[in-house]
Every structure is written in C-alpha cells, then in structure tokens.
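Visitor: I have a structure open and would like to talk through its architecture. Could we begin with the overall arrangement and then turn to individual residues?

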Amino acid sequence: MKNYGFVKCAIATINGQISNPKHNVKKIKELIDEAVSQKVKILVLPELSLTGYSCQDLFSMSDLLESSLEAVEDICYYTASYLNADPLILVGCPINVNDALYNCAVAIQSGKVLGVVPKQYLPNSGEFYEKRQFTPYTDFSLTEIDIFGDGKKVPFGNIIFSSSLGYKLGVEICQDLWATIPPSSYLALAGANIIANLSASNELVAKGNYRKELIKGQSSRTIADYLYVSANSSSESTSDLVFSGSGYVFENGKEIASLDSLSLKEEMKVVDVDIDYISNQRLVNTTFSDSKRELNRTFVTVTFKQDTGKPIQDISRVVNSHPFIPNIMDETGGKVCKEIISMQAIGLARRLKTIHSSKVTIGVSGGLDSTLALLVCYEAFSKLGLDHTGIIGITMPGFGTTDRTFNNSVELSKKLGITLLEIPIRDACTQHFKDIEQDPNNHDITYENSQARERTKILMDMANKNNGIVVGTGDLSEAALGWCTYNGDHMSMYNVNCSIPKTLVKYLIEWYARFNCSDDGLKKILLDIIDTPISPELLPSDGKKVVQKTETTVGPYEVIDFCIYHFVRNHFSKEKIFFLLNQAFKDVYTEEDLNKYYNGFVKRFFNNQFKRDAIPNGPKVGSVGLSPRGDWRMPSDADSEIWLLN
C-alpha cells in the first residue's frame, strides 16, 4: 500500500570487455551501486554480461567458465555487504551443468543466488550458431544445480521469483522471445507479472523495429511489464556483427522507458513499473484467465524478502496528465484523430442506412460538444454521398446565450453548408414557467432544466417532421458526472460523442481545424470555439459575457477525465488515483483542490448512474465507455463512501 503497486526497475548496458569477467564484474558493481542509490528493486543486465556474448569457442575454455563463476561469487559477496538495499540482480553467465553448457540468467539478491534460468531456444541459422557452444534447456526434470560445487543446490530451469513487494518475476533470454510460444507466455499464465529478457541481439536494417514490435506484442499478450535489455557493441565483437544496445520497458503493450539503440555508451534507465495496473487488467480480461488451461508446465517458485522502504513520494516515469489524448499534435496524433472521427461517422452512417433516412437534426450551440457532433454528421453524410442540407442544425437561443456562441453556431453552419434554423426558446420557457408556477426570477435547477428539455422537445419534433433522427452531442465526461438534464440533453436517437471525453473533444476539434480544414474561415471559427469558456448558458446573461462556467462547478475537465480514466479504465484505489493526480498536476493544482475535485467526481459519478442506465445508442471508440450495454454496469443506488478521500 505504501508504494501503490509501483516497483522501481532498471535496465542497463555495460562497457565490458570480451572474455574478461574480472573487468566486467567491476563495471557491474558500479551499476549495482548506482541502482542502489536510486532504490532500484530489479536490475536487468544483458545476456552473457559477465563474459560477453561473442566469445565464440572460448566458451569451451575452463578458465573462462571458472572466471565467470568467480564473478558471480564476487557479486554475491558484494551485495551481502549492503544494508537496507536488496535489489534482485539478473546477470548473464555461461554455466556447465553435467558437462552441458547452458546460456543462463543468474538471479542474485542480498548475497545469495536465488536461482538460475537457462535459455530454451538457441538460434542456429544465418549469423548465429549458438548450438555449437550451448545446449538448449529441454530437460524440465532438471530443477536444481550445484552452481559453485560446494554441495549447496539452487533452483534451475522454469522459475518464478516471488518478492515480498508483490511482484512475480519470470525470465527469458533473447531468442526465447522469438519462439512461436515464448517461455514468457507460460510464465505469465503461471503468475509472473514482470518478465525480464536478457539479450544480445545484433542490429540489421529494419530489425530494430521488428524486435520492438515483438516486445510490445508479448507485453500485450501476457498483460505484463516486460523489461528487455541487449548488449551493446562496446561489450561485443564487431568482427561480423553490430550489437544494438537497445533496451525497452513495456507495460501491457505501452512503452514507458527505453535506452538509446546503436550506442557505445554505458547506460542505465530507471523506471517504476505498475504491477497493480497489471493485476487489474488481468482481473477484467477473462481471456487471460481462460488461457491458463493451456499451461502445461510446472514452475519452481522462489520467494524472497525485499525492504519496502519509506512510503513512495515520487516515481521514475511520466504520469500522463491527459491520458485520453496523444501527447503532441503530430502525424501520429493526427492518425488517431482521423480514425476516431471516422469511427463516429461510420456509426452514424450505418444507423442512417438501417432506418433509410437522409435527415438528422442536431442542436448547434457554438460549444465544443455540438461542434464535434456537427463535424461528425458532416463526415457521415459525405461517406454516404448525401446532400449536407439534410443536416438540420437548430440554434435555440435562451436566457444565457451569448453573442459569441450564437454567432459561431451560425457561421459554422454556413461554412459546412447545412440547413440552419433559429428557434428561440425564451417565450416557450416563459409560458412553461407560468404553467408550472415557476418564478422566472428563481434561477434554480427547474429554471435550468426547463430550457434543456424545451430544446430537446424541439429537436425531437423537428426530427419527426423531417423523417430523421436527433443526433446527440453529450460527451463521456458529462455522462460520468451526470452533467446533463434527464430526458433533456441526456436523450437523443443516436449519440456520436458518447465515448469521447471532454479533453479529447477539444483536441479533435483543434486537429480538425489545423490539419483537416482547407477553409481559413472555418478554421478561425473552430479555433474560437475551442477558446470559448465551457458553459451550458442556462443562467441569464447580457449576451456579452459568459456568467456560468461549468468547470467552476464540477472542477477542471482535465482532472475529471484523469479520474475517469484511472477509476473506470484502471480500477485503481482512491489513494493511488490521488497519488497519481499529485504526480500529474503538482505544478497546477494544490493537494486540497485535487482532493475536492476527486471527491466531487466520485459523488457525481455514483449519484448519476441512473442517467447512464438510460443513455441512447452510440459508438465506443476508445478504451473507456460507460454504456450499460457495454463497459460499465453498476447499481444506481450504490454507495460512494468507501471511494471518497478523507
């Protein structure tokens, strides 16, 4: 609980010397010192890091084998002298077992060899000829070895290293990853949530990208943290090959750290992996559990203790403050935006084809949500080859409508060539207030919701009149908060924005304006809409200034969306979400404010499930959705108490 599931890990390359374990162990001890100073709990070094991978036939020389074992002993003695520093260290070493030489990873912690993992798949084609020197590990009955010849046996073979910190580590070596079924697949099914790969992979044109995709894919398939590090050319022979020195840390398919490839320098990268996240993802992924029926291997579990240290204050990884959107608006981000809008448009286009309709009605307010929905309608009609005049945009000025939003809604509609109707709601609402005996000077929830329901009535009736459907505009963030009027803007016949959070809505419009818009006038309108304060515009205004700002009431949407992501997508505890909030926004908001925003989110989220139970159809386009027919189902009367911060 102190560390919220984070485990500090390091991958490192060394400036070693080929066939010189005495030199290499000195370099490794320097890396251990650095790792200890940074409170690292797992240190992963390259394949055969004590000798170098490219020793070739020197591996058959007894002097080299004895020297490498002496180096292992040296590391044991060295780590035994540390106080309150107990990293698990994985080094590569050739080991003679019953006159067969194995390419091994040796796990050392606090002065002891915890276990030895041999390589199972040996490359033996092209530039590789490992079977000339080594034996693949295929005899799974061999589970113990006397590594130092002192009569003391240590686990050997298929091992899971289980730490008191909560992580379970599995090890594979280089080519193992390239096998049809890598050992890490079995390790993950047996409980390993962190996989370490000690490698010495040579570099070829395009091989680096392929290797990276393998690591990414295996991390995704195993739902694990995958620590990969490869020897660099400063430690290996370049007589015939160049070694990459690449290193990656992937977490369930997402890259969170890397080393420079094709580098001669010694490098260490420290990063906190999140085993709590891994556990939660496995818990909700039933396919992972079902795959355990394929587990046909047994594993030795080695348990060991590691000091938890002081409660975590900071982590060695970037906490994305805007998890729903690409980090930068570059080519990659543009592809994501284009794909999202296309999915929204395809969803709407398919619905229109099903009901044989060429008309939609949509409320055009000049705000973010209605703007994105209108752009999606435009794209859907383009895909269907329909006349854009079949999009009936209706602007419905009320008591709080400002000139800025009204003018933007009008000009946006003109630029897109849709049919625009202006139907003011002030008189209708005033009459309605008389009918229900509502004091128009009492600007309470009835005053506000009456306007929202009046607008929805107009949209619905105009859709009926034109044989069309109402396209909803409400976004994911509003659904999470219940920031919508039940049977008002809460309702439509198809909602294209239902799985788009507010921060992403803004990002998509900006992308559309900057990169998908050839009309400078349209671009200017879209950028002004982005800069307009978010407001339902339901309280009286003089038409010049927005008097009702949504984020003043519910909190900043960037914080709300952050909470949604880690609450709904990652199922994190309240303490962990608050810790991450402070990591992501420590330079923006105070702890007191973040506490208030988080608790406000939780209360609104629990109190408004009844609205989400009755939401209309709409396409899921990302990893988070709140449809009761899809991702999120909860009782409307669930209590929020245990999720609230003190």
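Visitor: In what order do the six strands of the open sheet run?
Guide: This is a predicted model. In it, the order of the six strands is S5-S4-S3-S2-S1-S14, and their pairing is mixed.

Visitor: Which strands stand at the edges?
Guide: Strand S5 (112-118) and strand S14 (268-274) do; each has a single partner strand, so one side of each has no neighbour in the sheet. On average, neighbouring strands of this sheet are turned by 30 degrees against each other, with direction ignored.

Visitor: How many bridges pair S3 with S4, and in which sense?
Guide: Nine bridges pair strand S3 (residues 88-97) with strand S4 (residues 100-109), in the antiparallel sense. As an example, Asn96 has Leu101 in S4 as its bridge partner.

Visitor: What about helices: which strands does H2 lie across?
Guide: Helix H2 (residues 62-80) lies across S3, S4 and S5, and runs at about 150 degrees to S3. Helix H5 (residues 275-284), in turn, lies across strand S1 (6-12) and S14, at about 45 degrees to S14.

Visitor: And H1? What should its residues span, and how far apart are its ends?
Guide: Helix H1 (residues 21-37) has 17 residues, which at 1.5 Å a residue should span 24 Å. The end C-alpha atoms of H1 are 24 Å apart, in agreement with that expectation.

Visitor: Which residues of H1 are buried?
Guide: The buried residues of H1 are Pro21, Asn24, Val25, Lys27, Ile28, Lys29, Leu31, Ile32, Ala35 and Val36.

Visitor: What covers them?
Guide: The cover over the buried residues of H1 includes S1, strand S2 (42-44), H2, S3 and S14. Just after H1, Lys39 adopts a positive phi of about 60 degrees.

Visitor: A change of topic: where does Ser163 lie, and what does its side chain contact?
Guide: Ser163 lies in strand S8, which covers residues 159-163. The side chain of Ser163 makes a polar contact of 2.8 Å with the side chain of Gln306. Leaving aside residues up to four places away in sequence, Ser163 touches Phe304 and Gln306.

Visitor: Is Ser163 buried or exposed?
Guide: Ser163 has a relative accessible area of 6%, and since buried means under 20%, this residue counts as buried.

Visitor: Next, strand S17. How many of its residues are buried?
Guide: Five of the five residues of strand S17 (residues 391-395) are buried, so this strand is largely enclosed by the rest of the structure.

Visitor: Which residues are on which side?
Guide: Ile391, Gly393 and Thr395 are on one side of S17, while Ile392 and Ile394 are on the other; all are buried, and both faces are covered. In a regular strand, side chains alternate between the two faces of the sheet.

Visitor: What joins S16 to S17?
Guide: Strand S16 (residues 360-363) is joined to S17 by four bridges, and the two run parallel. Ile362 stands opposite Gly393 in S17.

Visitor: Finally, how many disulfides does a search of the whole structure find?
Guide: The search finds zero disulfides. For Cys377, which is in no disulfide, the nearest cysteine sulfur is that of Cys498, 13 Å away. Cys484 is also in no disulfide; its nearest cysteine sulfur, again that of Cys498, is 12 Å away.

Visitor: Are Cys377 and Cys484 buried or exposed?
Guide: Cys377 counts as buried at 0% relative accessibility, and Cys484 is buried with a relative accessible area of 17%.

Conventions. Residues numbered from 1 in each chain as written. Predicted model: local features only at pLDDT ≥ 70, side-chain atom pairs only at ≥ 80, totals over all residues. Heavy atoms only, no water. Buried < 20%, exposed > 50% of the residue type's maximum accessible area, 1.4 Å probe, protein only. Polar contact = N/O pair within 3.5 Å; in protein donor to acceptor, adjacent residues only side chain to side chain. Contact = heavy atoms within 4.5 Å. Pairing = 2+ DSSP bridges. Axes fitted to C-alpha atoms, helices over the stretch in contact; angles between N-to-C directions. Expected span 1.5 Å × (residues − 1). Disulfide = S-S within 2.5 Å.
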